[in-house]
Amino acid sequence: MAALFECDGLTKLYGIVMGVNDLSLELEPGIHGLLGPNGAGKSTLIKLITGQLRPTEGRIRVFGENPWNNPQLLGRMGYCPEHDAFWNSLTGLQFVTTLGEFSGLESSIAKDGAREALGRVGATEFMDRPISTYSKGMRQRTKLAQALVHHPDLLVLDEPLSGTDPVGRREIMDLVGELGAEGKSVLVSSHVMHEVQAMTDRFLLIFGGRILAAGDVHEIRQLMYEIPHRIRIVCDQPRELAALLTRELAVEGVELDHERGELWVQTREPRSLFHTLPQYAADASIEITELGSEDESLDAVFEYLVGGGI
């Protein structure tokens, strides 16, 4: 399968500020989440992919071609930017039609495509109103429609759920899944991990202009088992259980909260601990009433990696 996107030593500098730092990466077609806090380098990478920026160093290819100054390739992409850039005097229909024409569609085809795209994002009801009257959610749907109007092979969505209400978020998430099922590739940028997890099981974690981790959900879960976990245990004899667990090789630390009757156990081998804990409790007649980990999410992986755990 041909690569959707590949880069080798990709670097982008803004003067002395590093936007993207020596990235080497290859992605297959499909839906991918690009995750990181504000200022991590997400928008810079997106602008390099969509041909808005030229690399300072290194090489980038999308569908095997250099996106810089390549209108034909850019016609295969749809881009939904994070920030608004509208002609507010136009209606939503006029705006999306115009962007379709800019993508190379004939006027009549662009208008039909605009109606279709606006309908698909749930914007038909207000598409004949001036954009100046739109709410943030309406503007977001219209931006998404202009990215769809020319039926691109790759959609690049920068914070597409920003400003949308819960219903709108659910509809956009469902739309991304539908596009993937139709064979489209989608790159979704966000700083909200659980939202991206609802759309794809393949992730890139970026911070400081560098990719910290990449892989599908199974690889990320494997990474989760390699980071320090904090396990919360509520039982009737926390002091006694704490003493027993300090003998366990898988345990790196134990904190005792006397008031709540809680133990917080740090381990790099949670599966081993979960396996042996019942036997410890049974042998000492300790009743465990609650057991769980605060680290069972991509947030924990990201915080660990950003904190210098690698």
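**View A. Residue classes lining the largest cavity of the predicted model**. The lining of the largest cavity is made up of six nonpolar residues, with no polar and no charged residues. These lining residues are Leu4, Phe5, Leu27, Ile49, Leu154 and Leu187. The space inside the largest cavity comes to about 50 Å³. One cavity of 30 Å³ or more is present in the structure.

**View B. The largest nonpolar core**. This core has 32 residues, and the members that touch the most others are Leu148, Leu157 and Val186. At least two core residues each come from helix 3 (92-102), helix 4 (107-120), helix 5 (136-148), strand 6 (154-158), helix 6 (166-181) and strand 7 (185-190). Helix 6 supplies the largest share, five residues. In soluble globular proteins, nonpolar side chains tend to be buried together.

**View C. Surroundings of Leu148**. Leaving aside residues up to four places away in sequence, Leu148 touches Ala117, Val121, Leu155, Leu175 and Leu179.

**View D. Leu148 and a second core**. Among the contacts of Leu148 are Leu175 and Leu179.

Terms used: Residues are numbered from 1 along each chain as its sequence is written. This is a predicted model: local features need pLDDT of at least 70, side-chain atom pairs count only at pLDDT 80 or more; totals for chains, interfaces and linings use all residues. Side-chain values use heavy atoms; hydrogens and water are left out. A nonpolar core is a set of buried Ala, Val, Leu, Ile, Met, Phe, Trp, Tyr and Cys residues joined through side-chain atoms within 4.5 Å. Buried means under 20% relative accessible area, exposed over 50%, partly exposed in between (1.4 Å probe, protein chains only). Helices (H or I, at least four residues) and strands (E, at least two) are DSSP runs, numbered from the N terminus. Contact means heavy atoms within 4.5 Å. On a 1 Å grid over the protein atoms alone, a cavity is a set of points where a 1.4 Å probe fits but cannot get out, and a pocket is an open set with protein on both sides within 12 Å along at least five of seven lines; lining residues have an atom within 4 Å of a point. Grid points are joined across faces, edges and corners, and a volume is the space filled by probe spheres set on the points. Ala, Val, Leu, Ile, Met, Phe, Trp, Tyr, Cys and Pro count as nonpolar, Asp, Glu, Lys and Arg as charged, and the others, Gly among them, as polar.
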